[in-house]
Amino acid sequence: MATTIRVMNTRALHNLCLSSKHSRLFGSVFDSVQKSKNHHQAANLRDDELLSKVESAVQQEDYFGVKKLVTLKDLFQARVHLGHNAGLRHESMTPFLFGTRQGVDIIDLEQTLPLLQHALNVCGHIVYRGGMVLFLSRNMQLLPWIEKAAQEIGEYAHCRPWQRGTFTNASNIFGTLPIYPDVCIFLGTHDTVFETHKGVIESSKLLIPSIGIVDTNVDCSLVTYCVPGNDDTPDALHLYLKLFTNVIQRAKAKRAEDGINSKQTSSLVH
(Lines give C-alpha, C1' and ligand atoms only; values in the text may rest on other atoms or scores of the structure.)
Protein backbone atom coordinates (compact mmCIF):
# COMPACT_ATOMS: atom_id res chain seq x y z
CA MET A 1 0.00 0.00 0.00
CA ALA A 2 2.80 2.35 0.95
CA THR A 3 4.55 1.50 -2.30
CA THR A 4 1.40 2.27 -4.27
CA ILE A 5 1.02 5.64 -2.52
CA ARG A 6 4.64 6.50 -3.20
CA VAL A 7 4.19 5.58 -6.90
CA MET A 8 1.05 7.72 -7.09
CA ASN A 9 2.82 10.57 -5.35
CA THR A 10 5.72 10.27 -7.77
CA ARG A 11 3.37 10.35 -10.76
CA ALA A 12 1.43 13.25 -9.28
CA LEU A 13 4.69 15.10 -8.67
CA HIS A 14 5.79 14.34 -12.23
CA ASN A 15 2.48 15.57 -13.63
CA LEU A 16 2.71 18.64 -11.45
CA CYS A 17 6.21 19.35 -12.77
CA LEU A 18 5.04 18.89 -16.36
CA SER A 19 2.08 21.12 -15.67
CA SER A 20 4.39 23.74 -14.21
CA LYS A 21 6.77 23.51 -17.17
CA HIS A 22 3.89 23.77 -19.63
CA SER A 23 2.51 26.69 -17.72
CA ARG A 24 5.83 28.49 -17.88
CA LEU A 25 6.19 27.57 -21.56
CA PHE A 26 2.71 28.76 -22.45
CA GLY A 27 3.26 31.85 -20.34
CA SER A 28 6.46 32.59 -22.24
CA VAL A 29 4.71 32.06 -25.58
CA PHE A 30 1.83 34.28 -24.49
CA ASP A 31 4.23 37.02 -23.40
CA SER A 32 6.06 36.76 -26.71
CA VAL A 33 2.80 36.98 -28.69
CA GLN A 34 1.64 39.89 -26.55
CA LYS A 35 4.94 41.75 -27.09
CA SER A 36 4.74 41.09 -30.83
CA LYS A 37 1.15 42.34 -30.86
CA ASN A 38 2.13 45.47 -28.96
CA HIS A 39 5.06 46.00 -31.34
CA HIS A 40 2.78 45.73 -34.39
CA GLN A 41 0.27 48.08 -32.81
CA ALA A 42 3.05 50.60 -32.14
CA ALA A 43 4.37 50.15 -35.69
CA ASN A 44 0.90 50.69 -37.13
CA LEU A 45 0.54 53.80 -35.00
CA ARG A 46 3.89 55.10 -36.28
CA ASP A 47 2.82 54.32 -39.86
CA ASP A 48 -0.44 56.21 -39.34
CA GLU A 49 1.44 59.20 -37.93
CA LEU A 50 3.91 59.00 -40.82
CA LEU A 51 1.13 58.87 -43.42
CA SER A 52 -0.53 61.80 -41.72
CA LYS A 53 2.66 63.89 -41.95
CA VAL A 54 3.26 62.95 -45.59
CA GLU A 55 -0.35 63.67 -46.57
CA SER A 56 -0.19 66.98 -44.72
CA ALA A 57 2.92 67.93 -46.70
CA VAL A 58 1.29 66.98 -50.01
CA GLN A 59 -1.84 69.01 -49.24
CA GLN A 60 0.20 72.18 -48.88
CA GLU A 61 0.61 74.00 -52.17
CA ASP A 62 4.26 74.97 -51.74
CA TYR A 63 5.65 72.97 -48.81
CA PHE A 64 9.29 73.51 -49.83
CA GLY A 65 9.01 77.13 -50.93
CA VAL A 66 9.97 76.45 -54.55
CA LYS A 67 8.09 79.50 -55.83
CA LYS A 68 10.58 81.70 -54.01
CA LEU A 69 13.56 79.92 -55.56
CA VAL A 70 13.18 81.19 -59.12
CA THR A 71 11.48 84.03 -60.96
CA LEU A 72 10.75 84.85 -64.59
CA LYS A 73 13.60 87.36 -64.49
CA ASP A 74 16.03 84.66 -63.33
CA LEU A 75 15.07 82.48 -66.30
CA PHE A 76 15.45 85.35 -68.76
CA GLN A 77 18.85 86.40 -67.41
CA ALA A 78 20.07 82.79 -67.64
CA ARG A 79 18.92 82.71 -71.31
CA VAL A 80 16.55 79.84 -70.71
CA HIS A 81 14.29 81.24 -73.46
CA LEU A 82 16.82 80.69 -76.28
CA GLY A 83 16.00 77.63 -78.36
CA HIS A 84 17.61 76.14 -81.46
CA ASN A 85 17.37 77.08 -85.09
CA ALA A 86 13.76 76.90 -86.28
CA GLY A 87 14.76 74.29 -88.86
CA LEU A 88 15.65 71.85 -86.05
CA ARG A 89 12.34 72.24 -84.22
CA HIS A 90 10.61 69.08 -83.03
CA GLU A 91 6.85 69.22 -83.50
CA SER A 92 6.18 68.17 -79.89
CA MET A 93 7.80 71.42 -78.69
CA THR A 94 5.64 73.76 -80.81
CA PRO A 95 3.09 74.45 -78.00
CA PHE A 96 5.88 75.76 -75.74
CA LEU A 97 7.17 78.38 -78.19
CA PHE A 98 6.66 82.12 -77.87
CA GLY A 99 7.78 82.76 -81.42
CA THR A 100 10.81 82.92 -83.71
CA ARG A 101 13.40 85.68 -83.93
CA GLN A 102 16.09 85.81 -86.62
CA GLY A 103 15.55 82.12 -87.37
CA VAL A 104 15.87 81.04 -83.72
CA ASP A 105 12.95 79.58 -81.75
CA ILE A 106 12.08 81.48 -78.56
CA ILE A 107 10.68 79.48 -75.65
CA ASP A 108 7.69 80.90 -73.77
CA LEU A 109 9.04 81.48 -70.24
CA GLU A 110 5.53 82.07 -68.90
CA GLN A 111 4.95 78.36 -69.55
CA THR A 112 8.42 77.31 -68.42
CA LEU A 113 8.20 78.92 -64.97
CA PRO A 114 5.16 77.00 -63.62
CA LEU A 115 6.35 73.77 -65.21
CA LEU A 116 9.77 74.17 -63.60
CA GLN A 117 8.22 74.97 -60.22
CA HIS A 118 5.98 71.91 -60.52
CA ALA A 119 8.97 69.70 -61.36
CA LEU A 120 10.90 71.09 -58.39
CA ASN A 121 7.91 70.41 -56.14
CA VAL A 122 7.61 66.81 -57.38
CA CYS A 123 11.32 66.26 -56.80
CA GLY A 124 11.04 67.71 -53.30
CA HIS A 125 8.16 65.42 -52.30
CA ILE A 126 9.94 62.33 -53.64
CA VAL A 127 13.02 63.20 -51.59
CA TYR A 128 10.85 64.00 -48.56
CA ARG A 129 9.51 60.45 -48.71
CA GLY A 130 13.05 59.04 -48.81
CA GLY A 131 13.32 58.62 -52.57
CA MET A 132 16.55 58.31 -54.54
CA VAL A 133 17.44 60.92 -57.19
CA LEU A 134 19.61 60.28 -60.24
CA PHE A 135 21.00 63.22 -62.24
CA LEU A 136 21.78 62.53 -65.90
CA SER A 137 23.45 64.58 -68.62
CA ARG A 138 25.79 64.09 -71.55
CA ASN A 139 26.99 67.69 -71.51
CA MET A 140 30.74 67.28 -71.01
CA GLN A 141 31.16 70.89 -69.90
CA LEU A 142 28.74 70.39 -67.01
CA LEU A 143 29.79 66.84 -66.10
CA PRO A 144 32.15 67.64 -63.17
CA TRP A 145 29.65 70.10 -61.70
CA ILE A 146 26.80 67.60 -61.77
CA GLU A 147 28.82 64.78 -60.22
CA LYS A 148 30.17 67.07 -57.51
CA ALA A 149 26.74 68.51 -56.70
CA ALA A 150 25.12 65.06 -56.51
CA GLN A 151 27.82 63.83 -54.16
CA GLU A 152 27.51 66.86 -51.90
CA ILE A 153 23.75 66.38 -51.38
CA GLY A 154 23.95 62.60 -51.00
CA GLU A 155 22.38 61.68 -54.34
CA TYR A 156 23.61 60.08 -57.56
CA ALA A 157 24.73 61.08 -61.06
CA HIS A 158 25.37 59.27 -64.34
CA CYS A 159 27.03 61.52 -66.92
CA ARG A 160 29.11 58.89 -68.73
CA PRO A 161 28.17 57.00 -71.93
CA TRP A 162 24.97 55.03 -71.32
CA GLN A 163 25.29 51.28 -71.72
CA ARG A 164 22.21 49.89 -73.42
CA GLY A 165 20.12 47.96 -70.89
CA THR A 166 21.48 49.76 -67.81
CA PHE A 167 17.88 49.91 -66.56
CA THR A 168 16.03 47.35 -68.66
CA ASN A 169 18.65 44.57 -68.46
CA ALA A 170 20.37 45.55 -65.22
CA SER A 171 20.26 42.13 -63.53
CA ASN A 172 22.19 40.50 -66.40
CA ILE A 173 24.65 43.37 -66.85
CA PHE A 174 25.53 43.80 -63.18
CA GLY A 175 24.80 40.26 -61.97
CA THR A 176 22.53 41.38 -59.14
CA LEU A 177 19.07 42.77 -58.53
CA PRO A 178 19.20 46.52 -59.22
CA ILE A 179 17.91 49.35 -57.08
CA TYR A 180 16.30 51.85 -59.40
CA PRO A 181 16.10 55.58 -58.77
CA ASP A 182 12.76 57.05 -57.72
CA VAL A 183 13.17 59.95 -60.13
CA CYS A 184 15.60 60.70 -62.97
CA ILE A 185 16.51 64.33 -63.58
CA PHE A 186 17.76 64.88 -67.14
CA LEU A 187 19.59 68.19 -67.46
CA GLY A 188 19.63 67.44 -71.17
CA THR A 189 17.62 64.72 -72.90
CA HIS A 190 19.94 64.23 -75.88
CA ASP A 191 22.84 61.78 -75.94
CA THR A 192 24.25 63.19 -79.16
CA VAL A 193 23.10 66.09 -81.31
CA PHE A 194 20.27 64.06 -82.85
CA GLU A 195 19.76 61.03 -80.56
CA THR A 196 17.59 60.87 -77.46
CA HIS A 197 19.38 59.82 -74.29
CA LYS A 198 18.89 56.07 -73.84
CA GLY A 199 18.13 56.68 -70.17
CA VAL A 200 14.99 58.61 -71.17
CA ILE A 201 13.73 55.65 -73.17
CA GLU A 202 14.57 53.03 -70.55
CA SER A 203 13.15 54.99 -67.61
CA SER A 204 9.95 55.42 -69.63
CA LYS A 205 9.77 51.66 -70.26
CA LEU A 206 10.14 50.91 -66.54
CA LEU A 207 7.74 53.72 -65.51
CA ILE A 208 10.46 55.51 -63.56
CA PRO A 209 9.37 59.18 -63.23
CA SER A 210 11.58 61.55 -65.18
CA ILE A 211 12.11 65.30 -65.08
CA GLY A 212 13.69 66.68 -68.23
CA ILE A 213 14.96 70.01 -69.54
CA VAL A 214 13.61 69.91 -73.10
CA ASP A 215 14.97 72.24 -75.76
CA THR A 216 13.15 73.05 -79.01
CA ASN A 217 14.82 70.19 -80.94
CA VAL A 218 13.78 67.52 -78.41
CA ASP A 219 11.01 64.91 -78.46
CA CYS A 220 9.41 65.53 -75.08
CA SER A 221 6.79 62.76 -75.34
CA LEU A 222 8.75 60.27 -73.19
CA VAL A 223 9.53 62.68 -70.33
CA THR A 224 7.15 62.61 -67.37
CA TYR A 225 7.66 66.22 -66.26
CA CYS A 226 8.83 68.46 -69.10
CA VAL A 227 10.57 71.78 -68.47
CA PRO A 228 10.92 73.71 -71.76
CA GLY A 229 14.26 75.48 -71.73
CA ASN A 230 17.70 76.02 -73.17
CA ASP A 231 19.83 72.89 -72.62
CA ASP A 232 23.11 74.25 -74.03
CA THR A 233 24.01 77.56 -72.38
CA PRO A 234 26.17 77.16 -69.24
CA ASP A 235 24.25 79.87 -67.35
CA ALA A 236 20.96 78.04 -67.87
CA LEU A 237 22.41 74.65 -66.96
CA HIS A 238 23.97 75.99 -63.77
CA LEU A 239 20.62 77.53 -62.83
CA TYR A 240 18.79 74.20 -63.26
CA LEU A 241 21.41 72.36 -61.24
CA LYS A 242 21.33 74.95 -58.46
CA LEU A 243 17.54 74.84 -58.24
CA PHE A 244 17.25 71.04 -58.05
CA THR A 245 20.07 70.65 -55.52
CA ASN A 246 18.51 73.43 -53.45
CA VAL A 247 15.08 71.83 -53.35
CA ILE A 248 16.58 68.42 -52.48
CA GLN A 249 18.40 69.99 -49.54
CA ARG A 250 15.20 71.72 -48.45
CA ALA A 251 13.24 68.46 -48.63
CA LYS A 252 15.82 66.61 -46.53
CA ALA A 253 15.85 69.44 -43.99
CA LYS A 254 12.04 69.33 -43.78
CA ARG A 255 12.14 65.56 -43.34
CA ALA A 256 14.56 65.91 -40.43
CA GLU A 257 12.50 68.75 -38.98
CA ASP A 258 9.35 66.59 -39.08
CA GLY A 259 11.18 63.67 -37.44
CA ILE A 260 10.98 61.38 -40.46
CA ASN A 261 13.84 59.11 -41.49
CA SER A 262 14.39 57.41 -44.85
CA LYS A 263 13.81 53.88 -43.48
CA GLN A 264 10.34 54.86 -42.31
CA THR A 265 9.40 56.36 -45.65
CA SER A 266 10.96 53.75 -47.96
CA SER A 267 7.62 51.96 -48.35
CA LEU A 268 5.80 55.19 -49.19
CA VAL A 269 7.96 56.34 -52.12
CA HIS A 270 5.97 54.38 -54.67
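Visitor: Which residues is T189 in contact with, leaving aside its neighbours within four places in sequence?

Guide: Quite a list: E195, T196, H197, V200, G212, I213, V214, V218 and V223. Contact here means heavy atoms within 4.5 Å. Before we go on: this is a predicted model, where local features need pLDDT of at least 70 and side-chain atom pairs count only at pLDDT 80 or more, while totals for chains, interfaces and linings use all residues. Residues are numbered from 1 along each chain as its sequence is written, and side-chain values use heavy atoms, with hydrogens and water left out.

Visitor: Where is T189 found, and what decides whether T189 counts as buried or exposed?

Guide: T189 sits in the loop between strand 6 (183-186) and helix 6 (198-205). As for burial, the cut-offs are under 20% relative accessible area for buried, over 50% for exposed, and partly exposed in between (1.4 Å probe, protein chains only). T189 comes in at 1%, so T189 counts as buried.

Visitor: What about I146: buried or exposed, and how do you know?

Guide: Its relative accessibility is 0%, so I146 is buried. I146 belongs to helix 4 (residues 143-152). Not counting residues up to four places away in sequence, I146 touches F135, S137, A157, C159, L187 and L241. Take C159: 13 residues away in sequence, and 8.0 Å from I146, C-alpha to C-alpha.

Visitor: Why is L207 put in its accessibility class, and what about R79?

Guide: L207 has a relative accessible area of 74%, so L207 is exposed. R79, at 42%, therefore counts as partly exposed. L207 lies in the loop between helix 6 and strand 7 (210-214), and R79 in the loop between helix 2 (72-77) and strand 1 (82-85).

Visitor: What is phi for L207, and for R79?

Guide: Phi of L207 is near 60°, a positive value in a residue other than glycine. R79 isn't a glycine either, and has a positive phi of about 65°. A glycine turns up with G259, which follows helix 7 and has a positive phi near 70°.

Visitor: Why are helix 3 and helix 7 called oblique?

Guide: Helix 3 (residues 109-128) and helix 7 (residues 234-257) pack at about 40°, with their axes 8 Å apart. Axes are lines fitted to C-alpha atoms, for helices over the stretch in contact, and angles run from 0 to 180 degrees between N-to-C directions. Under 35 degrees is roughly parallel, over 145 roughly antiparallel, 65 to 115 roughly perpendicular, and the rest oblique. Helix 3 and helix 7 are therefore oblique to each other. Residues making the contact include L116, L120 and V127 of helix 3 and F244, V247 and R255 of helix 7.

Visitor: How do you know that the span of helix 7 agrees with its residue count?

Guide: The expected span is 1.5 Å times one less than the number of residues. For the 24 residues of helix 7 that gives 34 Å, and the end C-alpha atoms are 34 Å apart, so the two agree. Buried residues in helix 7 include L241, F244 and R255.

Visitor: And how much of the whole protein counts as buried?

Guide: Of its 270 residues, 41%. The secondary structure comes to eight helices and eight strands.

Methods: Helix = DSSP H or I, 4+ residues; strand = E, 2+ residues; numbered from the N terminus.
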